[in-house]
Amino acid sequence: MLAGKPATIGFKADTDAIADNVQSLVNVYNNMIQLGHNYHGSQESGKLLHDMESVAKSYFNELESIGLNLQQDGSIHIDKSLLTDAVSAPDARESFHTLNNFKNGLQRKATQASIDPISYVSKVLIAYKNPGAQFCGGLSLFGVFRSDA
């Protein structure tokens with residue numbers, strides 16, 4: 001309590017809490033898909049979009065059976081009643097297994113993108129081996145004569 005005011009503690013049913021967590025996962029996925037669409041037509045590569053969609057497509061049947069429906073644009077729409085039925089059914093363990101596999105697949109792709117972000121852009125990069133070695137006939141980048149010149 002703060003200054004004599006009563007505190008209110010609320011509880012959610014397990015299925016409501018699960019649905020909220022699944023909605024958060026789907027929101028993150030849909031944001032990644034939207035980001036991929038935003039950059040797909042520009043100079044950026046469609047690799048991010050392809051990678052994220054490929055995770056969802058690999059679990060297409062399993063996701064649809066628990067109420068996560070893959071849309072034409074690659075995003076996911078949740079059928080809340082089907083999701084609620086799936087997570088409250090006696091064989092709900094299979095639904096959680098599907099959700100965990102989907103989440104882990106997304107996490108792997110996101111980790112790949114964060115480790116090697118340059119593979120997600122289609123820009124030409126040029127790397128020069130020791131660019132100062134042949135600069136100005138014996139001058140290094142700092143304007144000092146090299147001893148081997």
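# Burial and helix packing

User: In which helix is the place of Thr98?

Analyst: Thr98 has its place in helix α5. The model under discussion is predicted.

User: Why is Thr98 called buried?

Analyst: The relative accessible area of Thr98 is 6%. The term applies under 20%, so Thr98 is classed as buried.

User: Which residues does Thr98 contact, leaving aside its neighbours within four places in sequence?

Analyst: With those neighbours left aside, Thr98 is in contact with Glu62, Leu63 and Ile66.

User: Ile66 is one of these partners of Thr98. Where is Ile66 found, and what makes Ile66 a buried residue?

Analyst: Ile66 is found in the loop between α3 (60–65) and β1 (68–70). Its relative accessible area is 4%, and the limit for burial is under 20%; Ile66 is therefore buried.

User: Which residues does Ile66 touch, not counting those up to four places away in sequence?

Analyst: Ile66 touches Leu82, Leu83, Ala86, Ser95, Thr98 and Leu99.

User: Which residues of α5 are buried?

Analyst: The buried residues of α5 are Ala92, Ser95, Thr98, Leu99, Phe102, Gly105, Leu106 and Ala113.

User: How does the reach of α5 stand against the value expected at 1.5 Å a residue?

Analyst: Helix α5 has 24 residues and reaches 34 Å from its first C-alpha to its last. The expected span takes 1.5 Å times one less than the number of residues, which for α5 gives 34 Å, and the reach is close to that value.

User: How does α2 (residues 47–58) stand in the corresponding test?

Analyst: Helix α2 has 12 residues and an expected span of 16 Å; its reach from first C-alpha to last is 16 Å, close to that expectation. Its buried residues are Leu48, Leu49, Asp51, Met52, Glu53, Val55 and Ala56.

User: At what angle do α2 and α5 (residues 92–115) pack, and how far apart are their axes?

Analyst: The two helices pack at an angle of about 165 degrees, and their axes are 9 Å apart. Angles over 145 degrees count as roughly antiparallel, and α2 is therefore roughly antiparallel to α5.

User: Which residues make the contact between α2 and α5?

Analyst: On the α2 side the contact is made by Asp51, Met52, Ser54, Val55 and Ala56, and on the α5 side by Phe102, Gly105, Leu106, Lys109 and Ala110. The crossing of α2 past α5 is right-handed.

User: Where is Ile76 found, and why is Ile76 called buried?

Analyst: Ile76 is found in strand β2 (residues 76–78). Its relative accessible area is 5%, to be set against the limit of under 20%, and Ile76 is therefore buried.

User: Which residues does Ile76 touch, not counting those up to four places away in sequence?

Analyst: Ile76 touches Val26, Tyr29, Asn30, Ala56, Leu63, Leu68, Asn69, Leu70 and Phe102. Among these, Tyr29 is 47 residues from Ile76 along the chain, and their C-alpha atoms are separated by 7.8 Å.

User: Why is Asn27 called partly exposed?

Analyst: Asn27, whose place is in helix α1 (residues 14–40), has a relative accessible area of 37%. Burial ends at 20% and exposure begins over 50%, with partly exposed in between; Asn27 is therefore partly exposed. Asn27 and His77 are 50 residues apart in sequence and 9.5 Å apart in space, C-alpha to C-alpha.

User: What pattern does the protein chain follow along the sequence, and what share of its residues is buried?

Analyst: The pattern is α-α-α-β-β-α-α, which comes to 5 helices and 2 strands. Of the 149 residues in the protein chain, 28% are buried. Among contacts with a separation of 6 or more, 51% come from residues 24 or more positions apart. The accessible surface is about 10,500 Å², and carbon and sulfur atoms account for 56% of it.

Definitions and conventions: Residues are numbered from 1 along each chain as its sequence is written. This is a predicted model: local features need pLDDT of at least 70, side-chain atom pairs count only at pLDDT 80 or more; totals for chains, interfaces and linings use all residues. Side-chain values use heavy atoms; hydrogens and water are left out. Helices (H or I, at least four residues) and strands (E, at least two) are DSSP runs, numbered from the N terminus. Buried means under 20% relative accessible area, exposed over 50%, partly exposed in between (1.4 Å probe, protein chains only). Contact means heavy atoms within 4.5 Å. Accessible areas come from the Shrake-Rupley method with a 1.4 Å probe; for residues, only the protein chains shown count as cover. Axes are lines fitted to C-alpha atoms, for helices over the stretch in contact, and angles run from 0 to 180 degrees between N-to-C directions. Angles under 35 degrees count as roughly parallel, over 145 as roughly antiparallel, 65 to 115 as roughly perpendicular and the rest as oblique. A crossing is left-handed if the near helix is turned anticlockwise from the far one by less than a right angle, and right-handed if clockwise.
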